[in-house]
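Open the model in your viewer and keep the selection tool ready. The stops below say what to select next and what is there.

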Amino acid sequence: MLYGAMNFPIRPVLDEIHAIGSLGLDYLELAMDNPGAHYIVLREQRDAIHQTLDHYGMSLICHLPTFIHTADLTKSIREASLAELLNSITVANELGARKVVLHPSFVGGMGRNVPELSRRYALECLDAVVRMKQKNNCRVCLENLFARLTPFTTPDDFEAIYERWPHLAMTLDVGHAFIDGRGMDLIFEFLNRFGNRIDHIHISDNFGQRDDHLAVGDGAIDFKALIGALKQINYDETMTLEIFTADRTDLISSRDILQKMIGTR
């Protein structure tokens, strides 16, 4: 298993690589958001990013921009958001990212009153990403979000997506699945139905109400049961510690807890 952490894109990206690299993690999951990690900023610093990652022996996964609106009801906003997304995929490929994490399109504002129209726009975005993927080497891993934010939340939603685009992979965000009212049951359903597609995992803890991004063991998620289920599907890929507490040593303590449960290293 490889363990990584995500930069805080408010801060300069090279400072964040140093901070995460000094913890001895295996890779950086690069959140490609403004102001510190927009794709233009990353392209300008490409050589320095490569050198700094190499210095710490870290590989790279990219998390495509979060705060864009690819399913907005306004065409110009959708087009601008999609351009940001596709340009970010290009730069992720230039940086040599193994995988890119993609959030399904957000739906907000008046879009919640016309869910089928919003869903159509979200599908158009996915189609553009898949077509773009054919020109790049990194694997696209679609992430589950919680309800109310996107048309694509449940395992049935993802089943329909994978029937349409069979080459898409999945990022299982354990914290997101836990807050949708079904707790561990929804996590297990994603694992049982998409175990062969899950190529990346986001780990954090919460109490089932909010996406708190707590350290492992500080919330209500049953990580022993989770690790047992991951062993059942022989998962041995990448696991990002998406823990956003003030003390980054929580990343290491969380990794150590997981390693002990897994019984490796």
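## Stop 1: Trp-165

Select Trp-165 and show what surrounds it. Leaving aside neighbours within four places in sequence, Trp-165 is in contact with Leu-123, Leu-126, Asp-127, Val-130 and Arg-197. Keep in mind throughout that this is a predicted model.

Trp-165 sits in the loop between α6 and β6 (169-173). Is Trp-165 buried or exposed? Its relative accessible area is 7%, under the 20% cut-off, so Trp-165 is buried.

## Stop 2: the aromatic cluster

Now colour the aromatic rings. The structure holds four aromatic pairs. Start with Phe-158 and Tyr-162. Their ring centres are 6.1 Å apart and their planes meet at 55°, so this pair is tilted. 

Both residues belong to helix α6 (residues 155-164). Phe-158 and Tyr-162 are four residues apart, about one turn of the helix. An α-helix has 3.6 residues a turn, so residues three or four places apart point the same way.

Check the burial of each ring residue. Phe-158 has 0% relative accessibility and counts as buried. Tyr-162, at 3%, counts as buried too.

How are the rings of Tyr-162 and Phe-194 arranged? Their centres lie 5.5 Å apart and their planes are at 65°, so the pair is edge-to-face. This pair links distant parts of the chain. Tyr-162 is in helix α6, Phe-194 is in helix α8 (residues 184-194), and 32 residues separate them. Phe-194 is buried, as is Tyr-162.

Ring pairs link Phe-158, Tyr-162, Phe-190 and Phe-194 into a cluster.

## Stop 3: helices α1 and α3

Select residues 13-21, which form helix α1, and residues 46-56, which form helix α3. The two helices pack with their axes 10 Å apart, at an angle of about 10°. That angle makes α1 roughly parallel to α3.

Show the side chains at the contact. From α1 come Val-13, Leu-14, Ile-17, His-18 and Gly-21. From α3 come Ala-48, Ile-49, Thr-52, Leu-53 and Tyr-56. Which kinds of residue make up this contact: nonpolar, polar or charged? Seven are nonpolar, three are polar and none is charged.

## Stop 4: helix α10 and the glycine after it

Move to residues 249-262, helix α10. This helix has 14 residues. From its first C-alpha to its last it reaches 20 Å, close to the 20 Å expected at 1.5 Å a residue.

Select the buried residues of α10: Asp-250, Leu-251, Ile-252, Ser-254, Arg-255, Leu-258, Gln-259 and Ile-262. Then show what covers them. The cover includes β1 (2-6), β7 (198-203), α9 (223-232) and β8 (238-241).

Step past the end of the helix to Gly-263. Just after α10, Gly-263 takes a positive phi of about 85°. Gly-263 is exposed, with a relative accessible area of 62%.

## Stop 5: backbone exceptions

Last, look at the backbone torsions. Most residues other than glycine have a negative phi, and most peptide bonds are trans.

- **Asn-34 to Pro-35.** The peptide bond here is cis, with omega near 0°. Pro-35 is in the loop between β2 (27-31) and α2 (39-44).
- **His-213.** Phi is near 55°, a positive value in a residue other than glycine. His-213 lies in the loop between β7 and α9. With 11% relative accessibility, His-213 counts as buried.
- **Asn-234.** Phi is near 60°, again positive in a residue other than glycine. Asn-234 is found in the loop between α9 and β8. Asn-234 counts as exposed, at 68% relative accessibility.

Definitions and conventions: Residues numbered from 1 in each chain as written. Predicted model: local features only at pLDDT ≥ 70, side-chain atom pairs only at ≥ 80, totals over all residues. Heavy atoms only, no water. Axes fitted to C-alpha atoms, helices over the stretch in contact; angles between N-to-C directions. Parallel < 35°, antiparallel > 145°, perpendicular 65-115°, else oblique. Contact = heavy atoms within 4.5 Å. Nonpolar A, V, L, I, M, F, W, Y, C, P; charged D, E, K, R; others polar. Expected span 1.5 Å × (residues − 1). Buried < 20%, exposed > 50% of the residue type's maximum accessible area, 1.4 Å probe, protein only. Phe/Tyr/Trp six-rings, centres within 6.5 Å; stacked < 30°, edge-to-face > 60°.
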